[in-house]
Amino acid sequence: RRPRELDGVRFLVSAGPTYEDIDPVRFIGNRSSGRMGFAVAAAAAAEGAQVTLVAGPVHLPTPRGVERVDVRSAREMREAVLERAGASDVFVAAAAVGDFRPRDVAPHKLKKASADSGLDLSLVQNPDILAEVAALDPRPFVVGFAAETERVEEYARAKLERKRLDLIAANEVGAGLGFEREDNALLLLWPGGREALDRGDKADLARALVARIARLRKPVGEQ
Ligand code: PMT
């Protein structure tokens, strides 16, 4: 069999949305299905990597050979990721982490007070998991995603630099793009380089992303 590029390399991948509870029956979530992150985990495992997948609430089977940790909220995801990031060689943040959560979780189901009353929700910011992993010393090779609805390359390049990432995979999201679907298109950006991956199946894009990670981790002369 052909030599596998990532034999023994420890990958940590986050995938899916987070759910931020409002009360025992309601939450704030987003449209991530987890497909992109699960495809990255599967592609890395197929190249011989030892993969741990931290998954938000999704309806997907665990890829073969991958260790899976299920979480619900951004804070649970942060804990699961930070527990493992120090012992990882590569961290790929494909999860759509909720940026905000309700300040308080109501202990009982919120009731309508009257027919025309509204509800004001007070939100606070969640921790930025990717930025925290990027700030570790020593740190793994850090790969972020950027979900943008406009000016994709400009905003993604700014995220790459601001969060001091090794690589960012940018995708345009919105109506019929990025989330939920089987296909996607990615623009890979790293310090001094770029590669546009045309629209295609998420499994194919994940294989190309993993190949790029393997190349960038090699010493410069061998790339
Ligand atoms: O799951 P699918 O349906 O297959 O859809 C795939 C996808 C569109 C969700 C995926 O390709 C994608 O873009 N994932 C990142 C979504 C996102 O949250 O992007 P962002 O630009 O808001 O965040 C930038 C990066 O910071 C991401 O790597 C994110 O994981 C990370 N982040 C964001 C907020 C936060 N509090 N903590 C983080 O770690």
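This report covers the sheet, the ligand shell, the annotated sites and some backbone details of a predicted model.

## Basis of the model

The model is predicted: local features need pLDDT of at least 70, side-chain atom pairs count only at pLDDT 80 or more, and totals for chains, interfaces and linings use all residues. Residues are numbered from 1 along each chain as its sequence is written.

Helices (H or I, at least four residues) and strands (E, at least two) are DSSP runs, numbered from the N terminus.

## The sheet

Eight strands make up an open sheet with mixed pairing. Their order is β5-β4-β1-β6-β9-β10-β11-β12. Two strands count as paired if DSSP finds at least two bridges between them. β5 (67-70) and β12 (193-201) are the edge strands. Each has a single partner strand, so one side of each lacks a neighbour in the sheet. From one strand to the next, the twist averages 15 degrees. In general, strands of a sheet pair through backbone hydrogen bonds, either parallel or antiparallel.

Two pairings can be followed in detail. Strand β4 (residues 50-55) runs parallel to β5, and four bridges join them. Thr-52 stands opposite Glu-67 of β5. β9 and β10 also pair in the parallel sense, over six bridges. There, Val-143 stands opposite Leu-167 in β10. β10 is mostly covered, with five of its six residues buried. A residue is buried if 20 or more other C-beta atoms lie within 10 Å of its own, exposed if 12 or fewer, and partly exposed in between; C-beta atoms are placed from the backbone.

## Helix α2 across the strands

Helix α2 (residues 74-85) lies across β1 (10-15), β4, β5 and β6 (90-93). It runs at about 170 degrees to β1. Axes here are lines fitted to C-alpha atoms, for helices over the stretch in contact, and angles run from 0 to 180 degrees between N-to-C directions. Two residues are in contact if their C-beta atoms, placed from the backbone, lie within 7 Å.

## The ligand shell

The shell around the ligand holds 25 residues. Ser-33, Arg-35, Ala-93, Ile-129 and Leu-130 come nearest. A residue is near a molecule or strand if its C-beta atom, placed from the backbone, lies within 6 Å of it. α1 (35-46), α3 (129-134) and β9 (141-148) are the elements that give two or more residues to the shell. β9 gives the largest share, four residues.

By type, the shell has 14 nonpolar, seven polar and four charged residues. Ala, Val, Leu, Ile, Met, Phe, Trp, Tyr, Cys and Pro count as nonpolar, Asp, Glu, Lys and Arg as charged, and the others, Gly among them, as polar.

## Annotated binding sites

An unreviewed UniProt entry places the feature "binding site" at Asp-99, Lys-109, Pro-127, Asp-128, Ile-129, Leu-130, Phe-145, Lys-159 and Lys-163. These positions spread over 65 residues of sequence and, in space, up to 38.3 Å between C-alpha atoms. UniProt positions are given in the numbering used here, feature names are shortened, and annotations may be inferred rather than shown by experiment.

Two of the annotated residues sit in the loop between β8 (123-125) and α3: Pro-127 and Asp-128. Pro-127 is partly exposed because 14 other C-beta atoms lie within 10 Å. Asp-128 also counts as partly exposed, with 16 C-beta neighbours inside 10 Å. Leaving aside neighbours within four places in sequence, Pro-127 is in contact with Ala-74, Arg-75, Arg-78 and Glu-132.

## A buried loop residue

Ala-94 lies in the loop between β6 and β7 (100-102). Is Ala-94 buried or exposed? Ala-94 is buried, because 27 other C-beta atoms lie within 10 Å. Not counting residues up to four places away in sequence, Ala-94 touches Val-13, Ser-14, Ala-15, Met-36, Gly-37, Val-40 and Phe-145.

## Backbone exceptions

Most residues other than glycine have a negative phi, and most peptide bonds are trans. The bond from Asp-137 to Pro-138 is cis, with omega near 0 degrees. Pro-138 lies in the loop between α3 and β9.

Two residues other than glycine have a positive phi: Arg-151, at about 40 degrees, and Arg-164, near 50 degrees. Arg-151 lies in the loop between β9 and α4 (152-162). Arg-151 counts as exposed, with 11 C-beta neighbours inside 10 Å. Arg-164 lies in the loop between α4 and β10 (167-172). Arg-164 is exposed too, with 12 C-beta neighbours inside 10 Å.
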